Structures are given as C-alpha cells and as structure tokens.
Amino acid sequence: MEEHPFPGLHISDSSFLDDMAGRSACAKCNKSRKYYCYTCFIPMKEIEDRIPQVRLPVKVDIIKHPKEVDGKSTGIHAAVLSPDVSVYMYPHLPEWPDKSRTLLVFPGDNSITVQELSDRAKKAAHTVISVSATKRKASDNVDTNHEITSKKLKTDNGACTDQGTMNSTFPFDRVVFIESTWAQTKKIYSDERFRGLQYMELKQYKTKFWRYQKGKPETYLATIEAIYYFFKELHISFISQTYDGEYDDLLFFYWYMYQKIRKEYKGGQSLKAYQQQTGHQPSSVSSSSNDNTTKVEDFDT
C-alpha cells in the first residue's frame, strides 16, 4: 500500500475520527455503529458537524447487491457525505421516468465516455448557434436564444459560463452505479429494467482498494472510487477545465480507512490483497501476534 495514494487531492482532515471511543447508537435506528450508520446513511451524532458535505451536479442512485456486506460497502460513503446520493437494495430499483436522461456507469459494447458526451454536446450546441445565426441574418432581428447559447460557449472548454454551474447541454439528470463484486454484477445489469439506459465507462484508473477480488485487474475500482472519478471527469468536461478538488471529499472515509489499514498491516505487507496482487510473501509472524492482529473488518462501520 502506498504512503501517498492520492497525491494532490484536497481531502478534509479526518484525524478526529481517531478520537472516537468504540461504537455508539445510531440516532435513527438505534443500532450500534462506529463512524456512520450504513443502513440509515447518516454519521454518528458526535461527528455529524465535523464531516464534510459534498454537493453533486447530478443525482446519484447506487444499486447495491443484497449479498454485498453493508459494513464493507464503499458506495455508502457517498450517501453519508452527500445529500444527492440514494442507495437501493436490489431487486428494488428507483423509478426512472425518462431513461434517456439516466446514465449507467458500467462498461459495455455500447458504452461511451464522458469526453465523447462532451464532444457530442459541443457539436449540438454549435449546430444550434449556426441555425440561430442564419435565422437572425434572414430576419435582421436579434435572436435571444443565440446570444445565450453563445455566452455558454465563451469559456475555456466551451462548456459553462460560471465555474460550479452544470452546463445545460449535459444530457442526463441521474447517474447510476452498481455496488457489488464483479461476479455478482451480471445479475443486476442484465435486469430488463436497465434496458434503455445509456452505458458509460470511465478512463482507466488504478484502484487503491484493500479488498482483493481474485483474478481481477487493478483497474477494477471500488464503488466510491468510480463515483469520485466520474464526477471529476464530468466537472472537467461540462463545468470547468480547472478542477480544484470539488469532489475530493467523496474519498473522506475511504482515505481514512486506507491509512488505518496501511498502518495496522505494516504498509500492506501482511494484507491478502497486497500479497496476491504483487506476489509479495509476508514476513513471518508469531502465532501470538497473529492471534491479536486487527482484522480489516474492525475498521469498518
């Protein structure tokens, strides 16, 4: 595991989480939790005013496989940190009245990239300008729609007038992520209710996840990583070419747990994922120390 897995990111300080002594009762369901409740998607009362809140430019639906252990779910981090995220336990799905406005982040034969979406939007916008300009020339009247559209294009990347404001040319209102192991994913995305959704795939990124999925490459991301990278790509393509860490805090809990696990597992050398992905053989551990080793699960909620 790397000492600095997220260089350059502006993630809020999470050291105060170290001061939490044991578990406490969730304010809503009264169940015992650590940092946040993974069924109510709220932080524990004693830290609710100290964790960051992240606003997202579009709504997010996370579809979670029923066998995905709640305490191990990283997608739930997004629901705790952002009011724009909802979680659904499959086979329950939300209603998508207009599927043409709903995007599924999942690779497939017909999937597109955020950059391709941006290129299409720019092409469509320029077409509108061309048509409007022609009409204005013919009528000698000022076309208000043309002026508004032109102003939207007068930015560094031709996407939006004000940094932080979503360009109206982004053709989707919601984005969907599937939370499950890759072996479980097929059952969900093959559901006929997903038909009609546009599939989208991210650029390739190397995961920093500490849970190993046998036989899968390092480009298979944890759910929270996928959500983070999606919004970063979306921001650069449809909001501003300048990215100033607007969504870095989506990784708030993920980064904290990464640090804790790295410390406990000697930099990752005694962690199964590290051993199997790198071929590293762990140093010998006495039976007594092995019996007292903290489990990865102990860092979950």
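What follows is a short chat about reading the nonpolar cores and salt bridges in this predicted model.

Colleague: Where do I start with the largest nonpolar core, and which residues have the most contacts inside it?

Modeller: The general idea first: in soluble globular proteins, nonpolar side chains tend to be buried together. Here the largest nonpolar core has 63 residues, and those with the most contacts inside it include Leu 17, Val 175, Leu 202 and Phe 230. Helix α5 (residues 223-238) supplies the largest share of this core, nine residues. There's also a second, separate core of 13 residues, with Trp 96 and Ile 178 among them.

Colleague: What is Leu 202 in contact with, leaving aside its neighbours within four places in sequence?

Modeller: Val 105, Leu 221, Ala 226, Tyr 229, Phe 230 and Glu 233.

Colleague: OK, now the charges. How many salt bridges does the structure hold?

Modeller: Side chains of opposite charge can pair when their charged atoms come close. This structure holds eight salt bridges. Take Asp 84 and Lys 59, whose closest N and O atoms are 2.9 Å apart. Asp 84 sits in the loop between α1 (75-81) and β6 (85-89) and Lys 59 in strand β5 (residues 59-64), so the pair ties together parts 25 residues apart in sequence. Arg 55 joins Lys 59 and Asp 84 in a network of salt bridges.

Colleague: And Arg 174 with Asp 61: which strands does that pair link?

Modeller: Arg 174 forms a salt bridge with Asp 61, linking strand β8 (residues 174-179) to strand β5, with the two residues 113 apart.

Colleague: Is Asp 61 buried or exposed?

Modeller: Buried, at 0% relative accessibility, while Arg 174 is partly exposed at 25%.

Definitions and conventions. Residues numbered from 1 in each chain as written. Predicted model: local features only at pLDDT ≥ 70, side-chain atom pairs only at ≥ 80, totals over all residues. Heavy atoms only, no water. Core = buried A, V, L, I, M, F, W, Y, C linked by side-chain atoms within 4.5 Å. Buried < 20%, exposed > 50% of the residue type's maximum accessible area, 1.4 Å probe, protein only. Helix = DSSP H or I, 4+ residues; strand = E, 2+ residues; numbered from the N terminus. Contact = heavy atoms within 4.5 Å. Salt bridge = Lys/Arg side-chain N within 4 Å of Asp/Glu carboxyl O.
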